[in-house]
Amino acid sequence: MPDLISREIQLVSRPQGMPTAANFALVETKIELLKDEWVLVRNLYLSVDPYMRGRMSDRKSYVPPFELGKAMDGGAVGEVIESHAEKFKPGDIVTSNFGWREYFMATPQQLHPVSREIEPSIYLGALGMTGLTAWAGLNLVDVQAGDIIFISGAAGAVGNMAGQLAKLRGCEVIGSAGSAEKVEFLVKDCGFDVAFDYKHEPSIPTISLAERLHLSALNGIDVYFDNVGGEMLEAALSALRVNGRIIACGGISSYNTAMPQPGPSNLFNITTKRLTMKGLIASDWLGHQAEFEREVGGYFRDGKLKNKQTVVFGIDKAVSAFLGLFDGKNIGKMVVKLE
């Protein structure tokens with residue numbers, strides 16, 4: 001086999017505040033000869049996700065930081081090109097955590113086989129970690145029929161999935177998003193009962209976020225699926241009813257702040273309303289992956305679940321795709337298709 005050159009994205013400096021293109025480098029590397037019991041994979045799609053911002057800082061967290069001068073990792077779906085392992089053969093489609101690169105070698109234990117009958121990118125969205133996160137969040141606080149659930153960042157990868165799955169459970173679903181186009185997507189495509197643009201209310205330009213939520217949920221909410229934190233969490237704490245539950249999934253509003261931001265001023269509502277707030281890390285739920293794939297995969301195959309994605313083409317556009325997450329450039333899951 002002739003020398004195989006793969007391009008990859010490396011982190012070359014740690015961002016201070018919002019990352020820029022200067023923090024990354026597109027590097028060519030040579031793929032060595034395939035070892036016994038290893039598999040060579042060509043990535044088809046890469047995932048870019050807001051949580052990756054935390055891994056760019058050199059601090060202790062639930063997942064190790066990216067190393068400088070090495071390929072970053074993240075979700076990916078690819079095709080087996082060559083295999084020296086009995087479990088895989090050329091043409092198989094697999095998911096992995098070897099994103100941000102065109103080719104890689106891995107052991108069978110580092111790969112998860114998926115069906116060729118489904119468009120590969122969906123395994124980074126509805127049937128991948130995005131879908132698992134949404135499904136796990138609903139299970140984390142036992143979301144049931146009749147619950148009124150509010151989802152922030154609802155037009156994003158996890159948010160729209162959480163809303164669709166909550167509707168399938170018989171919930172009333174309210175969402176917030178950052179544009180009129182996204183609000184329309186939530187109501188028309190995802191079946192949300194109500195959605196509002198948190199950035200703009202033309203009829204009442206001075207209305208606060210808490211007041212906007214109140215107008216969308218006059219009777220309050222039972223569950224808050226938090227992807228944003230900050231002011232949005234404060235608004236939800238006001239709207240939650242007694243014995244309400246909070247799924248603490250993300251806090252994109254503060255991912256790029258250089259200094260810690262003040263917390264909500266109304267945290268005492270947790271006490272007075274007897275609220276429950278639980279943190280969610282999707283990797284804790286990998287042991288439930290088969291259950292997730294049966295339930296959510298069934299919804300998808302039956303046409304009850306939509307997979308919305310924003311596709312960017314080429315590994316050289318991966319960094320701009322990632323940065324676009326913080327400017328709201330995506331509707332649904334942001335993926336990079338390798339050409």
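1. Is D193 buried, partly exposed or exposed? At 38% relative accessibility, D193 counts as partly exposed (buried is under 20% relative accessible area, exposed over 50%, partly exposed in between, with a 1.4 Å probe and protein chains only). K167 is also partly exposed, at 29%. The side chains of D193 and K167 meet in a salt bridge, 3.0 Å from N to O (a side-chain nitrogen of Lys or Arg within 4 Å of a carboxyl oxygen of Asp or Glu).

2. The model is predicted: local features need pLDDT of at least 70 and side-chain atom pairs count only at pLDDT 80 or more, while totals for chains, interfaces and linings use all residues. Residues are numbered from 1 along each chain as its sequence is written, and side-chain values use heavy atoms, with hydrogens and water left out.

3. The whole structure holds eleven salt bridges. One of them joins D49 to K333, with the closest N and O atoms 3.2 Å apart. D49 is in the loop between β3 and α1, K333 in strand β15, 284 residues apart (helices, H or I, of at least four residues and strands, E, of at least two are DSSP runs, numbered from the N terminus). Both D49 and K333 are buried.

4. E79 forms a salt bridge with R42, the closest N and O atoms being 3.2 Å apart. Because E79 lies in strand β4 and R42 in strand β3, the pair ties together parts that are 37 residues apart in sequence. R42 is partly exposed, with a relative accessible area of 27%.

5. L218 is found in the loop between α5 and β11. With 60% relative accessibility, L218 counts as exposed.
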